[in-house]
Amino acid sequence: MRSIGVDFCKFGLTGVLAALLSLCTLPGLAKDRAIETKETALKVETVAGGLESPWGLAFLPDGRMLVTERAGRLRIVGKDGTVSEPLKGVPEVVAEGQGGLLDVALDPKFGENQLVYVSYAEAGDGGAGTAVARGRLGEDRLENVEVIWRQKPKVEGRPLHFGSRLAFGPDGKLFVTTGDRFKFDPAQDLATTLGKIVRINPDGSVPEDNPFVGQEGKLPEIYSYGHRHAQGVAIHPKTGALWETEYGPLGGDELNIVEPGKDYGWPAVSWGKHYNGKEIPDPPTRPEFTDAIKQWTPVISPSGITFYTADAIPGWQGNLLIAGLSAQGIVRLTLDGEKVTGCHGRAHSPRGARPGRRGLCLDRQGRRRDPAAQRRKPAQLNIGLRRGRGRQPRTSPRCSADFRSACSAYSDARRSCATSTRRCGRPICIPISCRTR
Ligand SMILES: [Ca+2]
């Protein structure tokens, strides 16, 4: 039996491991356990515990890990699993909803400059938006921290869709994914960086070969656009291309190969529907947009992704591993060049809860009930309210009723539905999942 925990540590499956760490914080998942896969038996090991919503991860050259906690803490996890005190010097973050301290990455020349990059939700004039800062890693802090990029504009509203993953390309340029901040149309507006992937130099300046440099009314850091909420990026180990996953609305999670200047369609086209059930044209109806190479309906809620390049599991070489939040596990894609030839792992979870890293309400009540009880009341069990940071979710009959009707309408066509969001007065009600039985 192979140890998946050791594999992840050794081969740098950053976002995916962050999700695993998160999964390990859930009741019932903390114990080591064995998994039979098509190729081999795996042993899942808990690498570290006690973290609150671990979100991003970067391996230091000595094998220790820098791990972000969404609430705004950056910690070092030792090779033996010991968790450090929070590092000082981390920028203040908006730790609400899907915002917080998000990804972390090392400079490609970290051995020379010890620079660490973090992305996070930042408050400012007009509301909140994604930002990227960098600083030098000292003994117990980040030093000389400077903000090198800010999403434009900051917007008010629900603390949703900040992205954000960081990835350095083979040329040393830094890709930053963002979200549309749940504002939809700005994803198509090249005068904003909502719903974009941006490409910057390590100091935050704009590379001269970016696709919109010198074009009036277009922000030069934009690399691609029409993205909804991108939380997974990885550089293909052979081609050097940027691969990206993003959340669809009700259905339509996407895997894209990102090319400079291309429009990936949101919100004009999608394989999913709006949360109110309203149709969105399918991508083939608008060939001017670049379509995903794979989509998931029902969704898997793709977070961190990585290509498996190690040889510990020979059958997995070159596969793409995706942390599926509503899938509650790792989804593995087999590939032939730019084509997806197979998808392994659970594509949908009946409970569909998003482990705490998302900051959404969890079906903790449901988890304490037995399966028979879940079958009797599937919708109610998966609905909760979060009034703000730190509060426990609770069920709401009003939200349950609203959600049941929306969910049943959707289920007629699709048999199951995953994440949905709607506002039930105040505060926000976030139904997690329901499923017809
Ligand atoms: Ca798309």
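Guide: In the largest nonpolar core, which has 72 residues, Val-104, Val-118 and Ile-322 touch the most other members. This is a predicted model, in which local features need pLDDT of at least 70 and side-chain atom pairs count only at pLDDT 80 or more, whereas totals for chains, interfaces and linings use all residues. Residues are numbered from 1 along each chain as its sequence is written.

Visitor: What makes a set of residues a nonpolar core?

Guide: The members are buried Ala, Val, Leu, Ile, Met, Phe, Trp, Tyr and Cys residues joined through C-beta atoms within 7 Å. A residue is buried if 20 or more other C-beta atoms lie within 10 Å of its own, exposed if 12 or fewer, and partly exposed in between, with C-beta atoms placed from the backbone. Of the 437 residues of the protein, 47% count as buried.

Visitor: With which residues is Ile-322 in contact, beyond its neighbours within four places in sequence?

Guide: They are Gly-232, Thr-245, Ile-300, Pro-302, Ile-305, Ile-330, Val-331 and Leu-333. Contact requires that the two C-beta atoms, placed from the backbone, lie within 7 Å. Among contacts in the protein with a separation of 6 or more, 57% join residues 24 or more positions apart.

Visitor: Why is strand E20 called largely enclosed?

Guide: Five of the five residues of E20 (residues 320-324) are buried, and therefore the rest of the structure largely encloses this strand. Leu-320, Ile-322 and Gly-324 cover one side, and Leu-321 and Ala-323 the other; all are buried. In a regular strand, side chains alternate between the two faces of the sheet. The protein has seven helices and 26 strands.

Visitor: How do you know that E20 is paired with E19 and E21?

Guide: Two strands pair if DSSP finds at least two bridges between them. Strand E19 (residues 302-307) is joined to E20 by four bridges, running antiparallel, and Phe-307 stands opposite Leu-320. Five bridges link E20 with strand E21 (residues 329-336), also in the antiparallel sense, where Ile-322 faces Val-331. Both pairs therefore meet the requirement of at least two bridges. E20 and E21 form a hairpin with four residues between them, and Gln-328 in the turn has a positive phi of about 55 degrees.

Visitor: What makes E7 and E10 edge strands?

Guide: They belong to an open sheet of four strands in the order E7-E8-E9-E10, with antiparallel pairing. Strand E7 (101-106) and strand E10 (142-150) each have a single partner strand, so one side of each lacks a neighbour in the sheet. The twist averages 30 degrees from one strand to the next, where axes are lines fitted to C-alpha atoms (for helices over the stretch in contact) and angles run from 0 to 180 degrees between N-to-C directions. E7 is joined to strand E8 (residues 115-124) by four antiparallel bridges; Ala-105 has Tyr-117 as its bridge partner in E8.

Visitor: Which faces of strand E3 are covered or uncovered?

Guide: In E3 (residues 41-44), Leu-42 and Val-44 form the covered face, while Ala-41 and Lys-43 form the uncovered one. Strand E2 (residues 33-36) pairs with E3 through four antiparallel bridges, and the two form a hairpin with four residues between them.
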